[in-house]
Structures are given as structure tokens and as C-alpha cells.
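Biologist: I would like to learn how to read pockets and helix packing from a model. Please take me through one case.

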Amino acid sequence: MRVAVIFVLFFIQQLFVGQSSIARQMPPLPNPGDIKNVTAVGPSWDSFTNLDGTGLYHEILNKVFGLYGITVKREYVPSEWGLQLIAKGEADFHTCYDKIDPPFVMARVPMYENAFFVFFDKRRIGPWHGNASLEGRMIVCRIGYYTEKNFEVPVLLHQVQTGTSALGMVLLGRMDFYVDDLTLIESSIKETSMSFNRVDYDIQVAGHRAYFPVFADTERGAKIMELYEAGMRRLHETGELEPIFRKWGHPYPRYEDY
């Protein structure tokens, strides 16, 4: 009995020492200074930024900035409008872009990483052959979401305001492909008022990319980006980040690569 008690006490001690060792190995979080609130902007996306305050991005940001006691406010606006608010100093960062041009800067740690897909009419395109099927074709996307550089072959890219508009252009035969995240394509299908036979259409992987928050190239922007990056790395190291992705049914990014 005494031996068993000693063994249990030894196990508890080693567990505590191990956890303390892990904690000591983690770099300290940066000091947030006088930053008490941050404002994130961007559209409302199903399961990412739901209007009720739930979703992958909401939960990640609340968790990250909660490490510093910072409150996150969200404004739901179109992507281009969101960038204008950041440029004018009326918002702190946008979620999310895969590429950005000055005067904005992109974080080095992504919030999301996955494949992007194309929706198309099988009767128009024929059997799917990957890039060979995309080459030289007319592709429609939401404004600001994709560029020709996202594709490995030359394409003709057209941009519209909403996913349902993009979907409608394919249904009407005006475009060859509608490109988006799979979740957003499914949302557009759910929201459209146009009727069509799903058997005649297909959805296939068109490529892969990672998505990063975008900040202003200012002293405040740099500080908030530093807090975000350090917080994301901390949550990844402690194992608190991955369950959030599982909860919302999204793939976990390869954070060790960033």
C-alpha cells in the first residue's frame, strides 16, 4: 500500500515538473501596453463569422486577444470597405486575405488554411481534368477574394459582389466556373433563389492557400499584429487552438510551417 502511494506521489510530481518545464520553454507574451480594444472587419461568412458572434474566426480572435484582456469588436462589411476602414484608422484588421498589397501588411500566422473549389456545369465543361479543365476558362469570384495568381494556369477572372451572384452566372451559362471555399459555395447554393438540378453540376478542388489577417502599416497595426501572432503560437503550443477548428468542422493549419 505504501509503495503504491509513493508511486502515485512520484507520478504527480513528474507530471507537475513536466508541465512546469513546458511552461518555462514558452516565450513570454508581449505586453499589450495601453491597447484595451481592437476592431476586426470583414463580411459575415457561415461558420467563420456568423452574425450572432459565433464561428471559427470569432472564437479564435476572442481566445487570442483574451490572453491579454483585450476585447474584440466586429464590424460586418464587404472586404473592400473593410480595407478602407483600416486605411482611415477606423478599424484595426481584416479577416482574412491570402495576398495583400501596400499600404497594408499581412500577419505571418494564418487563421485558416485549406483547399479552394470550383462549381461548374458538367454538361458545359465535361469530365474534370484539374488544371487542364481550368486553363483559358472564365472564372467568377466574389470581389477581392481571388486573383489570377491563385491559379497555376492562365484563366479569365471576373468579380461580382456576392457568392449567389457568382453561382447564378454559372447557372445561367455566363461563366464557366465559380470559385470559393467549399463552405461558401454550399452557402451560396443554399441561399440562391434559382432552381437547378444538382446532378448536372460538380464541385472540385482547384488549389490550396492560407488566409491571414491584414493590418494597417502603422505603429498600432504592428503592435496588434505582434499580439495576434504571439497569441496564435501560444494557443497552438498549449493545444487550445486545434479543438476550435474541430468544433467548427474546419481543417487544422500546419502551424509548425509558419
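Biologist: Which element gives the largest share of the lining of the largest pocket?

Modeller: In this predicted model, helix H7 does, with four residues of the lining. Two or more residues also come from each of helix H3 (79-87) and H6.

Biologist: How many residues line the largest pocket, and which lie nearest its centre?

Modeller: The lining has 18 residues, and Arg142, Tyr145, Gln161, Thr162 and Gly163 are the ones nearest the centre. The space in this pocket is about 350 Å³. Sorted by class, its lining holds six nonpolar, eight polar and four charged residues.

Biologist: What is the volume of the second largest pocket?

Modeller: About 270 Å³. Its lining consists of 15 residues, with Lys99, Ile100, Asp101, Gly144 and Thr147 closest to the centre. H3 and strand E7 (156-160) are the elements that contribute two or more residues there. The classes in this second lining are six nonpolar, four polar and five charged.

Biologist: Now the helices. What describes two packed helices?

Modeller: The angle between their axes and the distance between the axes. Here, the axes of H6 (residues 163-171) and H7 (residues 182-191) come within 9 Å, and they cross at roughly 80 degrees. Angles of 65 to 115 degrees count as roughly perpendicular, so H6 is roughly perpendicular to H7.

Biologist: Which residues make the contact between H6 and H7?

Modeller: H6 supplies Gly163, Thr164 and Leu167, while H7 supplies Ser188, Ile189 and Glu191. By class, the contact has two nonpolar residues, three polar and one charged.

Biologist: Why do residues three or four places apart in an α-helix point the same way?

Modeller: Because an α-helix has 3.6 residues a turn. In this structure, Gly163, Thr164 and Leu167 are the residues that H6 brings to its contact with H7.

Biologist: Is H6 mostly covered or mostly open?

Modeller: Mostly covered, with seven of its nine residues buried. The buried residues are Gly163, Ala166, Leu167, Gly168, Met169, Val170 and Leu171.

Biologist: What do the buried residues of H6 pack against?

Modeller: Besides H7, they pack against strands E5 (112-121), E6 (138-142), E7, E8 (177-180) and E9 (201-216).

Biologist: Which residue just after H6 takes a positive phi?

Modeller: Gly173, with a phi of about 80 degrees.

Note on methods
Residues are numbered from 1 along each chain as its sequence is written. This is a predicted model: local features need pLDDT of at least 70, side-chain atom pairs count only at pLDDT 80 or more; totals for chains, interfaces and linings use all residues. Side-chain values use heavy atoms; hydrogens and water are left out. Axes are lines fitted to C-alpha atoms, for helices over the stretch in contact, and angles run from 0 to 180 degrees between N-to-C directions. Angles under 35 degrees count as roughly parallel, over 145 as roughly antiparallel, 65 to 115 as roughly perpendicular and the rest as oblique. Contact means heavy atoms within 4.5 Å. Ala, Val, Leu, Ile, Met, Phe, Trp, Tyr, Cys and Pro count as nonpolar, Asp, Glu, Lys and Arg as charged, and the others, Gly among them, as polar. On a 1 Å grid over the protein atoms alone, a cavity is a set of points where a 1.4 Å probe fits but cannot get out, and a pocket is an open set with protein on both sides within 12 Å along at least five of seven lines; lining residues have an atom within 4 Å of a point. Grid points are joined across faces, edges and corners, and a volume is the space filled by probe spheres set on the points. Buried means under 20% relative accessible area, exposed over 50%, partly exposed in between (1.4 Å probe, protein chains only).
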